[in-house]
Amino acid sequence: MDLEQFYDADPRRRHSEELEFGTDWQEGGARTQVSWVEATGELYAMRDPLGHLDSDIFGDMSVERVSDEQLTIEVLGTVNGRDAIAAVMSGWEAAMAGGGENSLSWVRDRIVHAATEAGDPPASPSRDLPSG
């Protein structure tokens, strides 16, 4: 679904605080942002397809921006509570930086094993996004 469909599907999402856990995850050739919605407990991936490079008459290059409709959202799983998501995402910075072409698989694996990761040191989000 696209960004607007995601927020429209559950009004709690639009008005909830979110924690962002990085914007440079990779999967399928797309840069991906991972965020957690406090009101629903959903951890989601927002894929930003790579825009094309444009050249102006002087040869300067720029990346074409993508629209909100081109952003795709996938709910990766549900993790209830800030303490629980902090434990699940423990080590996310290193996983994002070192995960290569499919770094998002690390997040998927952590969600599957969320119950066993409750004792991991808490992660700090990259940003605390205020409610909308």
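User: Great. What should I know before reading any values?
Analyst: This is a predicted model, so to speak of local features we need pLDDT of at least 70, and side-chain atom pairs count only at pLDDT 80 or more, while totals for chains, interfaces and linings use all residues. Residues are numbered from 1 along each chain as its sequence is written, and side-chain values use heavy atoms, with hydrogens and water left out.

User: How many helices and strands are there in the chain?
Analyst: The chain has 5 helices and 8 strands. Helices (H or I, at least four residues) and strands (E, at least two) are DSSP runs, numbered from the N terminus. The order along the sequence is α-α-β-β-β-β-β-β-β-α-α-α-β.

User: And how much of the chain is buried?
Analyst: 40% of the 132 residues count as buried. Buried means under 20% relative accessible area, exposed over 50%, and partly exposed in between (1.4 Å probe, protein chains only). The accessible surface comes to about 7300 Å², and 51% of it belongs to carbon and sulfur atoms. Those areas come from the Shrake-Rupley method with a 1.4 Å probe; for residues, only the protein chains shown count as cover.

User: What about contacts between residues at least 6 apart in sequence?
Analyst: Of those, 61% join residues at least 24 apart. Contact here means heavy atoms within 4.5 Å.

User: Switching to charges: how many salt bridges are there?
Analyst: The count is 13, where a salt bridge is a side-chain nitrogen of Lys or Arg within 4 Å of a carboxyl oxygen of Asp or Glu.

User: Which residue does glutamate 27 meet in a salt bridge?
Analyst: Glutamate 27 pairs with arginine 47, at 2.5 Å from N to O. The two sit 20 residues apart and link distant parts of the chain, with glutamate 27 in strand S2 (residues 25-27) and arginine 47 in strand S4 (residues 42-49).

User: Are those two buried or exposed?
Analyst: Glutamate 27 is buried, at a relative accessible area of 17%. Arginine 47 is buried too, at 14%.

User: What else does arginine 47 bridge to?
Analyst: Arginine 47 also forms a salt bridge with glutamate 74, with the closest N and O atoms 2.6 Å apart. Glutamate 74 lies in strand S7 (residues 72-78) and arginine 47 in S4, so this pair ties together parts that are 27 residues apart in sequence. Glutamate 74 counts as partly exposed, at 25% relative accessibility.

User: Nice. And where is the partner of arginine 82?
Analyst: Arginine 82 meets glutamate 38 in a salt bridge of 2.9 Å, N to O. Arginine 82 is in helix H3, whereas glutamate 38 is in the loop between strand S3 (30-37) and S4, 44 residues apart. Both are partly exposed: arginine 82 at 31% relative accessibility, glutamate 38 at 33%.

User: You mentioned S3. Why would it be called largely enclosed?
Analyst: Because 7 of the 8 residues of S3 are buried, the strand is largely enclosed by the rest of the structure.

User: Which strands does S3 run antiparallel to?
Analyst: One is strand S1 (residues 18-20), joined to S3 by 3 bridges, with leucine 19 partnered by tryptophan 36 of S3. Another is S2, also antiparallel and joined by 3 bridges, and there glutamate 27 has alanine 30 as its bridge partner in S3. Two strands pair if DSSP finds at least two bridges between them.

User: What's going on in the hairpin of S2 and S3?
Analyst: That hairpin has 2 residues between the strands, and glycine 28 takes a positive phi near 60°.

User: Now the loops. Where does serine 90 lie?
Analyst: Serine 90 is in the loop between helix H3 (82-88) and helix H4 (92-98), and it is buried at 15% relative accessible area. Beyond its neighbours within four places in sequence, serine 90 contacts Trp106, Arg110, Asp120, Pro121 and Ala123.

User: And aspartate 10, what does its side chain make a polar contact with?
Analyst: The aspartate 10 side chain makes a polar contact with that of arginine 12, at 2.7 Å. A polar contact is a pair of N or O atoms within 3.5 Å; within protein, one must be able to donate a hydrogen and the other to accept it, and residues adjacent in sequence count only if both atoms are side-chain atoms. Aspartate 10 lies in the loop between helix H1 (3-9) and helix H2 (11-14) and counts as buried, at 15% relative accessibility.
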